[in-house]
Amino acid sequence: MLDQHNSEASAKVMTLEAISSLILSFPNVEENPHFERAAFKVRGKRIFTTILEADLTANLKLSEVDQSVFSQINDHIYPVDNKWGKQGWTTFEFETLDEELMRDAIKKAYDAIFN
């Protein structure tokens, strides 16, 4: 997985509009304000992704294993630097990352809602 997601070689990086559309393309996802962030959750379930527009970052709720794997891809993916990071919340500087990588990560966070 690490070699397939080399953002340096990728031509299509994520914009704010693109990542929001991508997240909302998953079934039953809704967007709501959450403090200074946009929060995305499956209706009737918990939040699995937030976006901070000011920093162009997304925080995704991943398993510990997925967090470890994605964090090894490059320096633009890392655990949130507080207690939330220990629970799997992982920051993605999405404007530096390719769409395929973000789609994979969002799907992992989305699927985890149902486990």
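How do the residues of the lining of the largest pocket divide into nonpolar, polar and charged?

**Entry 1: the pocket.** I counted the lining by class and got 4 nonpolar, 4 polar and 1 charged. The residues I listed are His 34, Arg 37, Ile 47, Thr 50, Asn 59, Val 80, Asn 82, Trp 84 and Trp 89. For the space inside this largest pocket I noted about 270 Å³.

**Entry 2: confidence.** I looked up pLDDT before going further. The chain average is 91, and 90% of the residues score at least 70. Residues 1–10 stay under 50, and for this stretch I found 18 contacts beyond four places in sequence. Where pLDDT is low, the predicted coordinates should not be read in detail. I left the contacts of residues 1–10 at that total.

**Entry 3: the core.** Which residues touch the most other members of the largest nonpolar core? I wrote down Ile 19, Phe 48, Phe 92, Met 102 and Ile 106, out of 28 residues in this core. The elements giving two or more residues to this core are α1 (16–24), β2 (37–42), β3 (47–52), β4 and α3 (99–112). The most comes from α3, with 6 residues. In soluble globular proteins, nonpolar side chains tend to be buried together.

Beyond four places in sequence, Phe 92 is in contact with Leu 56, Thr 57, Ala 58, Leu 60, Leu 62, Phe 70, His 76, Ile 77, Leu 97, Leu 101, Met 102 and Ala 105.

**Entry 4: Thr 57.** Thr 57 was on the Phe 92 list, and I checked it next. Thr 57 lies in strand β4, residues 57–61. Is Thr 57 buried or exposed? I put Thr 57 down as buried, because its relative accessible area is 8%, under the 20% limit. With neighbours within four places set aside, the contacts of Thr 57 are Arg 37, Thr 50, Ile 51, Leu 52, Thr 91, Phe 92, Glu 93 and Phe 94. Arg 37 and Thr 50 are also among the residues that line the largest pocket.

**Entry 5: Ile 113.** I finished in the segment after α3, where Ile 113 is found. Ile 113 has a relative accessible area of 5% and is therefore buried. What does Ile 113 touch, not counting residues up to four places away in sequence? I found Val 42, Lys 45, Arg 46, Ile 47 and Phe 48.

Notes: Residues are numbered from 1 along each chain as its sequence is written. This is a predicted model: local features need pLDDT of at least 70, side-chain atom pairs count only at pLDDT 80 or more; totals for chains, interfaces and linings use all residues. Side-chain values use heavy atoms; hydrogens and water are left out. On a 1 Å grid over the protein atoms alone, a cavity is a set of points where a 1.4 Å probe fits but cannot get out, and a pocket is an open set with protein on both sides within 12 Å along at least five of seven lines; lining residues have an atom within 4 Å of a point. Grid points are joined across faces, edges and corners, and a volume is the space filled by probe spheres set on the points. Ala, Val, Leu, Ile, Met, Phe, Trp, Tyr, Cys and Pro count as nonpolar, Asp, Glu, Lys and Arg as charged, and the others, Gly among them, as polar. pLDDT is the predictor's confidence in each residue, from 0 to 100. Contact means heavy atoms within 4.5 Å. Helices (H or I, at least four residues) and strands (E, at least two) are DSSP runs, numbered from the N terminus. Buried means under 20% relative accessible area, exposed over 50%, partly exposed in between (1.4 Å probe, protein chains only). A nonpolar core is a set of buried Ala, Val, Leu, Ile, Met, Phe, Trp, Tyr and Cys residues joined through side-chain atoms within 4.5 Å.
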